[in-house]
Amino acid sequence: MSILKRILGQAKPPAPKPSPKPVAKPVKASEAPLNMDEVLAKEWSQTTPPERAALAEHFKDNAYPHSFEWNWKKINHNRMALVTYVTSQIPDCAYLEIGCDQNALFDAVGALDKTGVDPGRGGTIRKTSDDFFANNEKKFDFVWVDGLHEYAQVHRDVANSIAALKPGGYIALHDLLPTNWKIEHMPRMNLGWTGDVWKVAMEIAATKGLDFRLVAVDHGCGIFRVMEGAEPLADLSKELADEKFGYLYENVGKLPVATWEETKVWIDENLSANS
Ligand SMILES: C[S@@+](CC[C@H](N)C(=O)[O-])C[C@H]1O[C@@H](n2cnc3c(N)ncnc32)[C@H](O)[C@@H]1O
C-alpha cells in the first residue's frame, strides 16, 4: 500500500487469501491416576479438612485423568513476542487490549495509539469490555482479548472485536490451551487458570472466513484475520456450554494448533501482502 494512499485513507487492503491450516499435533500424556487429596492440599491449603472433603465431593465429577504435555516454561516465545512482533510491523497501529492487569503486555507494545480496557487496573479505560464496546466507535488494527476468562464473556469480546476491527487487522487471544482439568476448571479452583476460553477457539475454527492459527506458546495464543465475506462468529453454545476439559482433550484436533515457527511464516506472508 502506498504511503500516499494510506494518508488519504483511500487504500483498501487486498482481499486476504485463506491459507491452509496446520493440523493439530497435540501432545497427550498417558493416563495419570488422580489424587484429589493431593490436588486440594496444594491449592486449598488454607481450608480445613472438612472443607476440603466438601470440595472434593464438589469437584470429583469434573476431574479428568488425562492431561496435555504442553511445557510452556520450555518455550521462550510468549504472548509478548507474538503481539509485539505483529503490532510493530503494522504502520500507525491502533492497538486495543481487553484486560490489562499489571500492564505486563500493554507496556511492552510499542504502538503509540494504545487503548487498554480493564475494570480493575492497568490500561487507559476503567470499564468492563461490555461497557467499553457499547459506546465504542473507534476501529483498531490489532485487538488482544484477555479479560474475563469465561466462555460467554470471551464470545462477546471476540464478536465485538471483529466489529471494531479495521480491514486487514488481527485479533488475538490468550489461554486457549489448558494443560489439565484443574487449570481449565469453571469456576476457578487453581492458581494458574485459563478458564474455558478454548470454547471460543472452537468457534473461531468453525467460522467460515476466519483465518486462524493457535500458537502453541504461553498457554495457547490464538491469532486470526477476518477474510472478506466472513460469516459471523459461530455460536456453539448449545454444544459446548456444559462441556469440560475432557471435550477439549478429545477434540483438540479441530483446532489449528501451530508452532511459533509455522505461525511466523503465516504472519510474514500476511504482513507482506498488506504492505
Ligand atoms: C489475565 S489478566 C490480563 C493480563 C494482560 N493482558 C497481560 O497479558 O499481561 C485479566 C484481566 O482482565 C480483567 N477483567 C476482568 N473482567 C473484565 C471485563 N469484564 N472486561 C475487561 N477486563 C476484565 C481483570 O481485571 C484482569 O486485570
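Predicted model: local features only at pLDDT ≥ 70, side-chain atom pairs only at ≥ 80, totals over all residues.
The strands were examined next. An open sheet is formed by 7 strands, arranged in the order β2-β1-β3-β4-β6-β5-β7 with mixed pairing. Strand β5 (residues 210–215) runs parallel to β7, and the two are joined by 2 bridges. Val215 has Ala258 of β7 as its bridge partner.

Helices pack on this sheet as follows. Helix α6 (residues 151–163) touches β1 (94–98), β3 (140–145), β4 (165–173) and β6 (221–226), and its direction makes about 160 degrees with that of β4. Helix α11 (residues 260–273) lies across β5, β6 and β7 and runs at about 145 degrees to β5.

Helix α6 also packs against another helix. The description of two packed helices rests on the angle between their axes and the distance between the axes. For α6 and helix α8 (residues 198–206), the axes come within 8 Å and cross at roughly 40 degrees; the two helices are therefore oblique to each other. Their crossing is right-handed. Helix α6 contributes Tyr151, Val154, His155 and Val158 to the contact, while α8 contributes Lys199, Val200, Glu203 and Ile204. By class, the residues of this contact are 5 nonpolar, 1 polar and 2 charged.

Terms used
Residues numbered from 1 in each chain as written. Pairing = 2+ DSSP bridges. Helix = DSSP H or I, 4+ residues; strand = E, 2+ residues; numbered from the N terminus. Contact = placed C-beta atoms within 7 Å. Axes fitted to C-alpha atoms, helices over the stretch in contact; angles between N-to-C directions. Parallel < 35°, antiparallel > 145°, perpendicular 65-115°, else oblique. Left-handed = near helix turned anticlockwise from the far one by under 90°. Nonpolar A, V, L, I, M, F, W, Y, C, P; charged D, E, K, R; others polar.
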